[in-house]
Amino acid sequence: MTEKVVIVGTGCAGLTAAVYAARANLEPVVLTGALPGGLLTTTSVVENFPGFPEGVEGFGLMTRIQQQAEKFGARVRFGTLEAVDLSRRPFLLTVDGESLSAQSVIIATGAGHRHLGLASEAKLEKKGVTYCATCDGALPVFRNQPLVVVGGGDSACEEALFLTRFGSVVHLVHRRDQLRASRIMAQRVLQHPKIRPVWDSVVVDILDVAQEKVTAVRLRNVKTGAEAELACAGVFVAIGHVPNTAVFRGALAMDESGYIQPQRGSETSVPGVFVAGDCADRVYRQAITAAGMGCMAAIDAERYLAALES
Ligand code: NAP
């Protein structure tokens, strides 16, 4: 059986595409990937999604969009896309070893956390190094301990503010002397008594691999070159994201960083394959823009399928 549309990803983009595709009677199959609900499920309160003046919890928002899509006939399937053949029609997708055939595909695979790239970071991941304060911040190992957040964007600020509930002090290590974050987030961070910014500094090592736990970071001041150790029990890395598009490499056009750049609405370089959300957007990357792009991709897929039939 060939599906009319397979949507890859269940973040804001994928699930909004699913709502629209389902309401157009396309009975979309929606693949969850490794993180059902996408990155928003790892955030705490979303304050800027329109319609929620009191804010909305990320996980709850995604659950509701999924329920909305399923109500109209979307079929959410747990599974990870392992391979694609977009050179043949219908398209062939391999999902956890099984073949899935589709007339059209919407790519909404989102983006993952960027890593610092240190050997010690990899060795201490889940042993004090983490990429998600909401997921891990409340762990006993971090309670009343000094913590380090790396980054200067909205994510780093959000992580730092969240961690003030648990840590004794939160050191915000940023490679410049000015935050990239939005003004409101930056103000909250800089005014918080428990957050101490460490400007012009990069983490060059995380200690202590031998003890299999985080005891400190080694920092280098990028202006003076001076190095110093800063004691901490946890390192929360929040330095941006990389698009989850590796499985499509070679199958369609993408830029040097792996972003699939949409042409004319949500079209990719392969007719019948559409793209939406953070895997296609290096600029805005908001829940609401991802949702908007998901809507566009579903409408484009619907029109593509209608043209095939006429
Ligand atoms: P971002 O805005 O790209 O910020 C990444 C930060 O990490 C920057 O400060 C950057 O430094 C730093 N950085 C990048 N690579 C680094 C490296 N190798 N070593 C050290 N530092 C490094 O990413 P983001 O904070 O994840 O935000 C992504 C998007 O989501 C943004 O559009 C943001 O507004 C949005 N967002 C919004 C909210 C909210 O509204 N509540 C919350 C989270 C995210 P430089 O500044 O020097 O480049």
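Biologist: Where does Leu161 lie?
Modeller: In this predicted model, Leu161 lies in helix H5, which covers residues 154-163.

Biologist: And is Leu161 buried or exposed?
Modeller: Leu161 counts as buried, because its relative accessibility is 19% and the cut-off for buried is under 20%.

Biologist: What is Leu161 in contact with, leaving aside its neighbours within four places in sequence?
Modeller: With those neighbours left out, Leu161 is in contact with Met185, Arg188, Val189, His192 and Ile195.

Biologist: How much space lies in the largest cavity, and what classes does the lining have?
Modeller: The space in the largest cavity comes to about 30 Å³, and its lining has two nonpolar, three polar and two charged residues. The count of cavities of 30 Å³ or more is one.

Biologist: Switching to pockets, what volume does the second largest pocket have?
Modeller: The second largest pocket has a volume of about 210 Å³.

Biologist: What does the side chain of Thr41 reach?
Modeller: The Thr41 side chain reaches the backbone oxygen of Gly38 at 2.6 Å. Apart from neighbours within four places in sequence, Thr41 is in contact with Leu35, Pro36, Gly58, Phe59 and Met62.

Biologist: And Thr16, what is its place, and what does it touch beyond residues up to four places away in sequence?
Modeller: Thr16 has its place in helix H1, where it counts as buried at 11% relative accessibility. Not counting residues up to four places away in sequence, Thr16 touches Ile65, Ala291, Gly294 and Cys295.

Biologist: Backbone next: what is phi of Asn25 near, and where is Asn25 found?
Modeller: Phi of Asn25 is near 65°, which is a positive value in a residue other than glycine, and Asn25 is found in the loop between helix H1 (12-23) and S2. Asn25 counts as exposed, because its relative accessibility is 59% and exposed begins over 50%.

Biologist: What about phi of Glu27?
Modeller: Glu27 has a positive phi of about 45° although it is not a glycine, and Glu27 is found in the loop between H1 and S2. With 44% relative accessibility, Glu27 counts as partly exposed.

Biologist: Why look at such backbone angles at all?
Modeller: Because most residues other than glycine have a negative phi, and most peptide bonds are trans.

Biologist: Then which peptide bonds are cis?
Modeller: Among them is the bond that joins Arg89 and Pro90, with omega about -10°, and Pro90 has its place in the loop between strand S6 (81-85) and strand S7 (91-95). The peptide bond from Leu207 to Asp208 is also cis, with omega near 15°, and Asp208 is found in the loop between strand S14 (201-207) and strand S15 (216-221).

Biologist: Last topic, which domains does the domain assignment of the chain give?
Modeller: The domain assignment gives domain 1, made of 2-112 + 241-309, and domain 2, made of 115-237. The contact takes six residues from domain 1 and seven residues from domain 2, and the centres of the two domains, taken over C-alpha atoms, are separated by 32 Å.

Notes:
Residues numbered from 1 in each chain as written. Predicted model: local features only at pLDDT ≥ 70, side-chain atom pairs only at ≥ 80, totals over all residues. Heavy atoms only, no water. Polar contact = N/O pair within 3.5 Å; in protein donor to acceptor, adjacent residues only side chain to side chain. Contact = heavy atoms within 4.5 Å. 1 Å grid on protein atoms, 1.4 Å probe; cavity = no way out; pocket = protein on both sides within 12 Å on 5 of 7 lines; lining within 4 Å. Points joined across faces, edges and corners; volume = space filled by probe spheres on them. Helix = DSSP H or I, 4+ residues; strand = E, 2+ residues; numbered from the N terminus. Buried < 20%, exposed > 50% of the residue type's maximum accessible area, 1.4 Å probe, protein only. Domains from an automatic or database assignment. Nonpolar A, V, L, I, M, F, W, Y, C, P; charged D, E, K, R; others polar.
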